[in-house]
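Colleague: I have a model open and would like to learn how to read it. Could we go through it feature by feature?

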Amino acid sequence: HVQLVESGGGLVQAGGSLGLSCAASGSTSSVDFMGWHRQAPGMQRELVAGIGIGGSTNYADSVKGRFTISRDNAKNTVYLQMNSLKPEDTAVYYCHTLAWYRGTLIDYWGQGTQVTVSS
């Protein structure tokens with residue numbers, strides 16, 4: 001099993017920056033994909049950014065050019081740097097990973113961290 005612990009987040013004014021980090025523990029040698037999702041009140045959870053074990057990245061169109069995802073495989077940690085934040089970025093942000101277990105990829109989620117962007 002894999003446990004994910006997020007840190008960062010908080011309250012920031014529009015145009016500001018915040019950084020999130022997520023550390024994986026447990027069976028970290030099985031971790032493959034890592035990513036960040038978010039869920040605003042009354043909305044479905046959506047993928048914000050993801051990064052493969054080799055470093056390939058993908059982003060939601062709404063955050064391209066503003067957010068940067070990175071990972072440190074030695075530390076089993078994924079980061080999300082969020083710049084030029086907008087009020088519509090307000091949401092609970094969840095760390096997510098896919099890890100191998102007996103030939104199958106299993107989903108693991110962090111507990112979520114609140115990001116609030118004031119106008």
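**Reading the model**

Modeller: Start with asparagine 76, which sits in the loop between S7 and S8. Keep in mind that this is a predicted model.

Colleague: Is asparagine 76 buried, partly exposed or exposed?

Modeller: Asparagine 76 is partly exposed, because its relative accessible area is 22%, and buried means under 20%.

Colleague: Now the strands. How should I think about side chains along a strand?

Modeller: In a regular strand, side chains alternate between the two faces of the sheet. Now look at the pairing here. S7 and S8 run antiparallel, joined by 6 bridges. Within that pair, serine 70 stands opposite tyrosine 79 in S8.

Colleague: How many bridges join S3 to S8, and in which direction do the two strands run?

Modeller: There are 6 bridges between S3 and S8 (residues 77-82), and the strands run antiparallel. Cysteine 22 has valine 78 as its bridge partner in S8.

Colleague: That cysteine brings up disulfides. What is the general idea?

Modeller: A disulfide is a covalent bond between the sulfur atoms of two cysteines. In this model the count comes to 1 disulfide. Cysteine 22 and cysteine 95 form it, with sulfur atoms 2.1 Å apart. Cysteine 22 is in strand S3 and cysteine 95 in strand S9, 73 residues apart, and the pair links distant parts of the chain. Both cysteine 22 and cysteine 95 are buried.

Colleague: What is the handedness of the link between cysteine 22 and cysteine 95?

Modeller: The link is left-handed, with -85° about the S-S bond.

Colleague: Next, charges. What should I look for?

Modeller: Side chains of opposite charge can pair when their charged atoms come close. The structure holds 4 salt bridges. One of them joins lysine 64 and aspartate 61, with the closest N and O atoms 3.1 Å apart. Aspartate 61 has a relative accessible area of 65%, so it is exposed.

Colleague: Which residues are linked in a network of salt bridges?

Modeller: The network links Arg38, Glu46, Arg66 and Asp89. Arginine 38 pairs with aspartate 89, the closest N and O atoms being 2.9 Å apart. Arginine 38 belongs to strand S4 and aspartate 89 to the loop between S8 and S9, 51 residues apart, so this pair links distant parts of the chain. Arginine 38 and aspartate 89 are buried.

Colleague: Is arginine 66 buried or exposed?

Modeller: Arginine 66 counts as buried because its relative accessibility is 10%. A polar atom of its side chain lies 2.9 Å from the backbone oxygen of serine 84. Beyond its neighbours within four places in sequence, arginine 66 contacts Gln81, Met82, Asn83, Ser84, Leu85, Lys86 and Asp89.

Colleague: And the nonpolar residues?

Modeller: In soluble globular proteins, nonpolar side chains tend to be buried together. Here the largest nonpolar core has 28 residues. Those with the most contacts inside it are Trp36, Val48, Phe67, Val78, Leu80, Met82 and Tyr93. S1, S3, S4, S5, S7, S8, S9 and S11 each supply at least two residues of this core.

Colleague: Which residues does valine 48 touch?

Modeller: Leaving out residues up to four places away in sequence, the contacts of valine 48 include Trp36, Phe67, Leu80 and Tyr93. Arg38 is also among them.

Colleague: One more loop, between S3 and S4. What about serine 30?

Modeller: Serine 30 lies there. At 14% relative accessibility, it counts as buried. Serine 30 touches Val2, Leu98, Ala99 and Trp100, not counting residues up to four places away in sequence.

Technical notes. Residues are numbered from 1 along each chain as its sequence is written. This is a predicted model: local features need pLDDT of at least 70, side-chain atom pairs count only at pLDDT 80 or more; totals for chains, interfaces and linings use all residues. Side-chain values use heavy atoms; hydrogens and water are left out. Helices (H or I, at least four residues) and strands (E, at least two) are DSSP runs, numbered from the N terminus. Buried means under 20% relative accessible area, exposed over 50%, partly exposed in between (1.4 Å probe, protein chains only). Contact means heavy atoms within 4.5 Å. A polar contact is a pair of N or O atoms within 3.5 Å; within protein, one must be able to donate a hydrogen and the other to accept it, and residues adjacent in sequence count only if both atoms are side-chain atoms. Two strands pair if DSSP finds at least two bridges between them. A salt bridge is a side-chain nitrogen of Lys or Arg within 4 Å of a carboxyl oxygen of Asp or Glu. A disulfide is a pair of cysteine sulfur atoms within 2.5 Å. A nonpolar core is a set of buried Ala, Val, Leu, Ile, Met, Phe, Trp, Tyr and Cys residues joined through side-chain atoms within 4.5 Å.
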